[in-house]
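Have the structure open while you read.

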Amino acid sequence: MRTAIATELLLKGTVVEGDPQCDGGRDQTVRFIDFDHPEHNDFLIINQFRVDVPGGRTYIVPDIVLFVNGIPLVVIECKSPSATEPMAEGITQLRRYSNQREEIADDEGAERLFHYNQFLIATFFHAARVGTIGASYERYLEWKDTSPVPMAEVAASLGETKLSSQQILVAGMLRPAHLLDIIRNFTLFQQSDGKNIKIVGRYQQFRAVQEAVRRLQNGQTRRQNRENDQRGGIIWHTQGSGKSLTMVFLVRKLRTLAALRRLKVVIVTDRVDLEKQLSNTASLTNETVLRASNTEELKELLRQSSPDLIFATIQKYQQRDEDSADDSKAVLQYISNKRNPSDRKAAENSSSYNINPNIRRLVTETEQFPILNDSEDILVLVDEAHRTQASQLHANLMRALPNCAKIGFTGTPILVGDRKRTYEIFGEFIDSYTIQQSEADGATVPILYEGRTAEAEVADGRSLDQLFEDMFCDRTPEELAAIRAKYATEGNVLEAPKLIAAKAEDMLRHYIDSILPNGFKAQIVASSRLAAVRYQEAFVAAHQKLVAQLENFNPSQQSQNLETEFLTRIYPRIEQIKQLEFATVISSGHNDNPAWKQWSDKAKVEEYINRFKKPLVHTDSTKQDGLAFLIVKSMLLTGFDAPIEQVLYLDRSMQGHELLQAIARVNRTYSSKSCGFVVDYYGVARHLKKALAVYSAEDIQGALISLKDELPKLGDRHQRVLAVFQGQGIHDIADVNACIDLLRDMKTRADFVVKLKQFLESLDIVMPRPEALPYIRDAKILGYINKAAANLYRDFQLNLYGAGNKVRQLIDEYIVASGIDPQVPPISIMDADFESAVSARTSDRAKASEMEHAARYHISKNFQEDPAYYKKLSERLEDILEKFQDKWAELVEALRQFTQDLRQGRPEDETQLDPKTQAPFLGILVEEIGLDQELLKPELDKLAAITVEMVEHIRQEIRIVDFWRNAHAQNVLRGWIVRFLDDNDVISFSRQQAVSDRIVELAKALHARLTT
């Protein structure tokens, strides 16, 4: 990836041979940017910066390019707020300019401009978003803070009471010192979907690091305070918002500050990928990450006084299943309680985390650390600082490092009961970024939950609860209740093969009907490792059964019942359904069934994880994978990042941190992913208040939203899109022609498409549930109106990009049935069937509208190839529309004649010049000197002769290889044209340069014609 290499050059500089007369000729490092002194750099902004596309036949013109020392680091595309979809249009243009549109095979941009690019900005003042090279639409996000400069201070300096999104982004990111800080300390690269993607820190990460640095520089040490160190605190950034990367950014920032680079940094975490990022960070400052793989190594590293980066891993409690007996090799391990009884006093009971209470921690009273280093120049960073697992090691570290500064990171809220203790250890909050803020920003997607314990049916029509009762049909109701109470949480019932088979079948059907159409994947949380293995077998059996049903199903038969309707809905995806695969991921145990090894072998597990992260469908078959389900007990419920996962099927008890961390598996953003789902087969959601009672309501607001709560939103969004038409007197959208005519206004179209997409997003979430049925008719009609208006007005921003496949399929089928093929672009005025298409319109008004907008589009599309001619045609069109306003029959006849003239193109005239290659140049000269009056024949003949000579010279010049990439050759041609016009006394001196530029632009547009 060129941008990765270029970014490394910017950060590290390059080595050049030294001057023999200086420093003995030793090699010297040359820096391209002075990061330590922003004022020493040259900052340049260029408006409308033109860059030729390779081959020279066209070019791109980004609105704004920001240069630092002549290097283009930021590209900005500005759009009018009145455009139909200004943000999508701006992002599309940036992706086109940088050749990042995968759906376009040919080069359409100028990649060279983006080799050194750090980030891209799309803005229309009211909203401004930033992304990196290759980022998809949903990865472009707002920058919502001007920190470390207060928002009020920025507003006052601009004379504003409230800042716009654009003003906040500019003040937060593009202030010279901020820009260089972001490039130096908040930019990195990660592997994702087989690509090396660029990541730029987000505003909450930038803000948190700035405040952490301020405290480390200005806070009192323990000796100064005489009680506690005041240099640290807590950073709470909700899961999925980049908390671990904030640690990386903080370490990078520390190493660039003279006052703080002396710090020894000790990182306590369970994230192996974090170690890799920190290793990359260390390489920027020629450091090495020192990894303590056991307690003795950690002690030795802590004793040393050097400013090292020390990585101390702990055993993540979710990363081992409690019913397995294998030990870990991390600094902190879990062991059985079958040890010296005195050891148990310091071991912390973990039943509050739903962990087997027999599991204890290795750190005991007899293993307390002595004071190893009393220096103040030590910073301890604790990942997931809320965990009791980490706190045991943490207590030892605090004993060993009594004067260190401490910063705790957490992805879940601090427990209400633990807040006082946590504050005492770390200090007050440095920064917080809540679940609700993350969802509002689009950094994560909201999570909807649905309980299916009672409603779900098995093949024979019984509910899952009924199946449970049938399995114990010989018991009394009291005994059944006792069995549920005694065994349900301990696994005996939840491991029952029949119950697992019934749930697996229901999960598979739910997945295929609700999740598969949009191409996402699923994770199942089972009650035990045995249950996880049985689930895999049950899914394979349910899959085989369903495929057999589909192969024997006749989709054309009349729908007779819910089962027939279900099979009819999913039948079009039969080939994709056949490719689905299922895998279990569990930890290994000493006494496991040998058959389980395929699910616990480390190499196999890694393979399953990598396969699962690939999309189900990809244009390159080597980059897709049908592994759609991962079944786990406790593994992969924290730290596992697979954005393609949309649904978590929950079949065991969870509460507190474990519940919040598990459901966050589905909150990552991904293309066309509007939300994540938690489908509850255990009943956790029914007792959600109790499961999350350990948190304050404010902290967990938005953590889980009932699917039922989406229904009022669906109704509200439905009314909002209807109001676009009802507010203008169209009370029934079945009057589609009136609706389409209303959308003639660009602002109305912009309002309509935004509200339509919101409505369809909610509808796609609720489908195929019966609650969606009342909205299906209107969705189809509105989808038809959208497509018909897009075709009529040639407005390609009127698209349903980002809408879910369920609702798109519904609308596409309706549009096709109504006579429009969504895959076929609007008919061109040059098409042989154009007149037939016009005649097919049912009214004169509709016919006139079709011809008007087809003509407008044709003129705008071809304007650059003959600007003088098409300018006259545009003026003629406006005259016709004004003359025959509301006289539809007469307007149709006038437009029919006009479109016929348009289709014939520029006619030959008395000059006998070639209409395709010479006449366009003559048009520019006539336009420049005609002064809106007809030229006499002698004058016209003179101009024609001059044009022939000029065009012949232009032909010869532009045949030079790579002429349009050769700026010098182009300037030579411009100079020749100026002298030629002056020698022939054609254009006044003041206009010669401008006319020369116009002629060269026209030559570029006509390159293919002129050189063949």
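1. Let's start with helix H4 (residues 165-173), which lies across strands E8 and E9 and runs at about 40° to E9. Helices here are DSSP runs of H or I with at least four residues, strands are runs of E with at least two, and both are numbered from the N terminus. Angles run from 0 to 180 degrees between N-to-C directions, with axes fitted as lines to C-alpha atoms, for helices over the stretch in contact.

2. A word on what you're looking at: this is a predicted model, where local features need pLDDT of at least 70 and side-chain atom pairs count only at pLDDT 80 or more, while totals for chains, interfaces and linings use all residues. Residues are numbered from 1 along each chain as its sequence is written, and side-chain values use heavy atoms, leaving out hydrogens and water.

3. Gln167 sits in H4. Is Gln167 buried or exposed? Gln167 is buried, at a relative accessible area of 15% (buried is under 20%, exposed over 50%, partly exposed in between, with a 1.4 Å probe and protein chains only). Leaving aside residues up to four places away in sequence, Gln167 touches Phe125, Leu158, Glu160 and Lys162; contact means heavy atoms within 4.5 Å.

4. Now the sheet under H4. It is open, with 5 strands in the order E3-E6-E7-E8-E9 and mixed pairing (two strands pair if DSSP finds at least two bridges between them). Strands E3 (43-47) and E9 (128-131) stand at the edges with a single partner strand each, so one side of each has no neighbour in the sheet. From one strand to the next, the twist averages 20°.

5. E8 (residues 119-123) pairs with E9 in the antiparallel sense over 4 bridges, and Leu120 stands opposite Gly131 in E9. Helix H2 (residues 86-97) also packs on the sheet, touching E7 (71-78), E8 and E9, and its direction makes about 150° with that of E8.

6. Elsewhere, have a look at H16 (residues 497-515) and H17 (residues 529-551): their axes come within 8 Å and cross at roughly 55°. H16 and H17 are therefore oblique to each other (under 35 degrees is roughly parallel, over 145 roughly antiparallel, 65 to 115 roughly perpendicular, and the rest oblique). Their contact has 13 nonpolar, 2 polar and 5 charged residues, counting Ala, Val, Leu, Ile, Met, Phe, Trp, Tyr, Cys and Pro as nonpolar, Asp, Glu, Lys and Arg as charged, and the others, Gly among them, as polar.
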